[in-house]
There are 2 protein chains.
Amino acid sequence: MISMIGVAAAALTTSSFLPQIVRAYRTKSMGDVSRYLMSMFATGTVLWMVYGIFKEDLVIIGANATATAFNIILLYMKVVYKAKPAKVA
Amino acid sequence: MISMIGVAAAALTTSSFLPQIVRAYRTKSMGDVSRYLMSMFATGTVLWMVYGIFKEDLVIIGANATATAFNIILLYMKVVYKAKPAKVA
């Protein structure tokens with residue numbers, strides 16, 4: 001029961017970055033998204049993974065590994081989509 | 001040591017939404033931010049709070065209470081800043 005809540009919580013917070021990735025991919029625009037959101041969040045989820053390893057909590061480890069990956073993708077998109085107009089000009 | 005890592009992790013992932021709030025407040029623009037990011041994330045952090053309560057983990061409870069609040073603020077901004085141009089037109 002408790003781990004089911006944890007898995008549901010992890011699934012929601014982690015997969016919440018997917019629609020943002022899809023939106024960014026479609027619009028090729030990340031101007032309104034703060035780079036600090038992704039960079040701080042990804043650094044934090046790496047620390048959450050370390051915390052999860054110490055606590056031997058697979059839900060925390062798995063959720064934050066995925067969230068780290070998603071945020072690195074978004075940070076990459078932020079950099080790439082900003083660089084594109086500069087090349088055109 | 002373990003809880004210090006947890007507190008640092010919590011501080012980073014939670015406060016990562018602050019620069020997004022500041023940016024949105026300054027630009028009054030949330031067009032590139034997916035509403036699903038905040039709505040799914042906030043639902044997830046509420047479940048994380050429940051998980052934290054079951055696990056009696058104050059770091060998880062505190063971090064997710066704050067993250068929920070920040071994401072509700074961002075979701076509100078998303079709605080308000082989208083509504084504004086419609087009023088002008």
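This is a predicted model: local features need pLDDT of at least 70, side-chain atom pairs count only at pLDDT 80 or more; totals for chains, interfaces and linings use all residues.
Residues are numbered from 1 along each chain as its sequence is written, while chains are lettered from A and ligands numbered from 1 in the order in which they are written.

Back to the helix pair. The helices here are DSSP runs (H or I, at least four residues; strands would be E, at least two), numbered from the N terminus. The axes of α1(A) and α3(B) are 8 Å apart, at an angle of about 155°. An axis is a line fitted to C-alpha atoms, for helices over the stretch in contact, and the angle runs from 0 to 180 degrees between N-to-C directions. The two helices are therefore roughly antiparallel, on a scale where under 35 degrees is roughly parallel, over 145 roughly antiparallel, 65 to 115 roughly perpendicular and the rest oblique.

Which residues of α1(A) and α3(B) make the contact? On the α1(A) side they are I2(A), S3(A), I5(A), G6(A), A8(A), A9(A), A10(A), L12(A), T13(A) and S15(A). From α3(B) come M40(B), F41(B), T43(B), G44(B), T45(B), L47(B), W48(B), V50(B), Y51(B) and F54(B). Contact here means heavy atoms within 4.5 Å. By class, the contact of α1(A) with α3(B) holds 13 nonpolar, seven polar and no charged residues. Nonpolar covers Ala, Val, Leu, Ile, Met, Phe, Trp, Tyr, Cys and Pro, charged covers Asp, Glu, Lys and Arg, and the others, Gly among them, are polar. On the spacing of such lists, an α-helix has 3.6 residues a turn, so residues three or four places apart point the same way.

Next, α3(A) with α1(B). Their axes come within 8 Å and cross at roughly 155°, so α3(A) and α1(B) run roughly antiparallel. The crossing of α3(A) past α1(B) is left-handed. Among the residues in this contact are W48(A), Y51(A) and F54(A) of α3(A), and I5(B), A9(B) and L12(B) of α1(B). The count for the contact of α3(A) with α1(B) is 13 nonpolar, seven polar and no charged.

Within chain B, α1(B) packs on α2(B), residues 17-27, with axes 5 Å apart and an angle of about 20°. The pair α1(B) and α2(B) is therefore roughly parallel. T13(B), T14(B) and S15(B) of α1(B) touch F17(B), L18(B) and P19(B) of α2(B). That contact of α1(B) with α2(B) divides into three nonpolar, three polar and no charged residues.

Now the charged pairs. Side chains of opposite charge can pair when their charged atoms come close. How many salt bridges does a search of the whole structure find? Two, over all chains, taking a salt bridge as a side-chain nitrogen of Lys or Arg within 4 Å of a carboxyl oxygen of Asp or Glu.

One of them pairs D57(B) with K55(A), closest N and O atoms 3.4 Å apart. D57(B) sits in the loop between α3 (35-54) and α4 (58-88) of chain B, and K55(A) in the loop between α3 (35-54) and α4 (58-88) of chain A, so this pair joins two chains. D57(B) is buried at 7% relative accessible area, and K55(A) is partly exposed at 44%. Buried is under 20%, exposed over 50%, partly exposed in between, with a 1.4 Å probe and protein chains only.

D57(A) forms a salt bridge with K55(B), closest N and O atoms 3.4 Å apart. These two residues lie in the α3 to α4 loops of chain A and chain B respectively, so the pair joins two chains. D57(A) is buried at 7%, whereas K55(B) is partly exposed at 44%.

Last, two backbone items. E56(B), in the loop between α3 and α4 of chain B, has a positive phi of about 50° although it is not a glycine. E56(B) is exposed, at 71% relative accessible area. K28(B), in the loop between α2 and α3 of chain B, has a positive phi of about 55° and is not a glycine either. At 37%, K28(B) is partly exposed.

Key:
Side-chain values use heavy atoms; hydrogens and water are left out. A crossing is left-handed if the near helix is turned anticlockwise from the far one by less than a right angle, and right-handed if clockwise.
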